[in-house]
Amino acid sequence: MEFFIRKRTDEDINEFITWSYEGIYSFYDNNIQQEKINSLKQSIHSDRAFSVINEEGTLAGNCEFCNVQEDNTEFWLSDYK
């Protein structure tokens with residue numbers, strides 16, 4: 001199966017917020033911290049935040065590119081359903 005990234009939509013964000021995981025991965029649940037919810041909602045304006053869709057057009061993941069080191073080394077964060 002192929003995956004593609006696209007500009008994030010409000011609908012995507014609303015779905016991301018509902019995603020939850022089992023066991024030790026529940027730490028990544030998007031609906032447990034208001035800060036996380038606010039960050040997702042604000043990401044609609046970011047040129048570094050994308051939605052991942054599969055070849056059928058179904059939302060499959062969340063992808064964000066971040067600078068976290070002093071030398072501006074870039075890496076990506078992802079969250080897949």
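The model is predicted, so local features need pLDDT of at least 70 and side-chain atom pairs count only at pLDDT 80 or more, while totals for chains, interfaces and linings use all residues. Residues are numbered from 1 along each chain as its sequence is written, and side-chain values use heavy atoms, leaving out hydrogens and water. The chain has 2 helices and 4 strands, and its pattern along the sequence is β-α-α-β-β-β.

**The chain as a whole**

- Helices (H or I, at least four residues) and strands (E, at least two) are DSSP runs, numbered from the N terminus.
- Of the 81 residues, 31% count as buried; here buried means under 20% relative accessible area, exposed means over 50%, and partly exposed lies in between (1.4 Å probe, protein chains only).
- The accessible surface comes to about 5800 Å², and 50% of that belongs to carbon and sulfur atoms. Such areas come from the Shrake-Rupley method with a 1.4 Å probe, and for residues only the protein chains shown count as cover.
- Among contacts (heavy atoms within 4.5 Å) between residues at least 6 apart in sequence, 49% join residues at least 24 apart.

**How the strands pair**

- Two strands pair if DSSP finds at least two bridges between them.
- Strands β1 and β2 run antiparallel and are joined by 5 bridges. As an example to look for, Arg6 has Ser51 in β2 as its bridge partner.
- Strands β2 and β3 also run antiparallel, with 5 bridges joining them. Here Val52 has Gly61 in β3 as its bridge partner.
- The hairpin of β2 and β3 has 4 residues between the strands, and in this hairpin Gly57 takes a positive phi near 85°.
- Strand β2 (residues 49-54) is mostly covered, with 5 of its 6 residues buried.

**Salt bridges**

- Side chains of opposite charge can pair when their charged atoms come close. The rule for a salt bridge is a side-chain nitrogen of Lys or Arg within 4 Å of a carboxyl oxygen of Asp or Glu, and the count by this rule is 2.
- Arg6 counts as partly exposed because its relative accessibility is 29%, whereas Asp12 is buried at 5%.
- Another joins the side chains of Arg8 and Glu64, at 3.6 Å from N to O. This pair links distant parts of the chain, 56 residues apart: Arg8 sits in the loop between β1 (3-7) and α1 (10-18), and Glu64 in strand β3 (residues 59-67). With a relative accessibility of 3%, Arg8 counts as buried.

**Aromatic pairs and a surface patch**

- How many aromatic pairs does the structure hold? There are 3, where rings of Phe, Tyr and Trp (its six-membered ring) pair if their centres lie within 6.5 Å; planes under 30 degrees apart count as stacked, over 60 as edge-to-face and the rest as tilted.
- Phe16 and Trp19 form an edge-to-face pair because their ring centres are 5.0 Å apart and their planes are at 80°. Both Phe16 and Trp19 are buried.
- Phe27 and Tyr28 also make an edge-to-face pair, 5.3 Å centre to centre with 85° between the planes. Phe27 counts as exposed at 58% relative accessibility, and Tyr28 as partly exposed at 46%.
- Ile24, Tyr25, Phe27 and Tyr28 form a nonpolar surface patch with about 530 Å² of accessible area together. Patches are made of residues with over 30% relative accessible area and no salt bridge, joining like charges within 9 Å and nonpolar side chains (Val, Leu, Ile, Met, Phe, Trp, Tyr) within 5 Å.
- Tyr25 is found in the loop between α1 and α2 (34-42).
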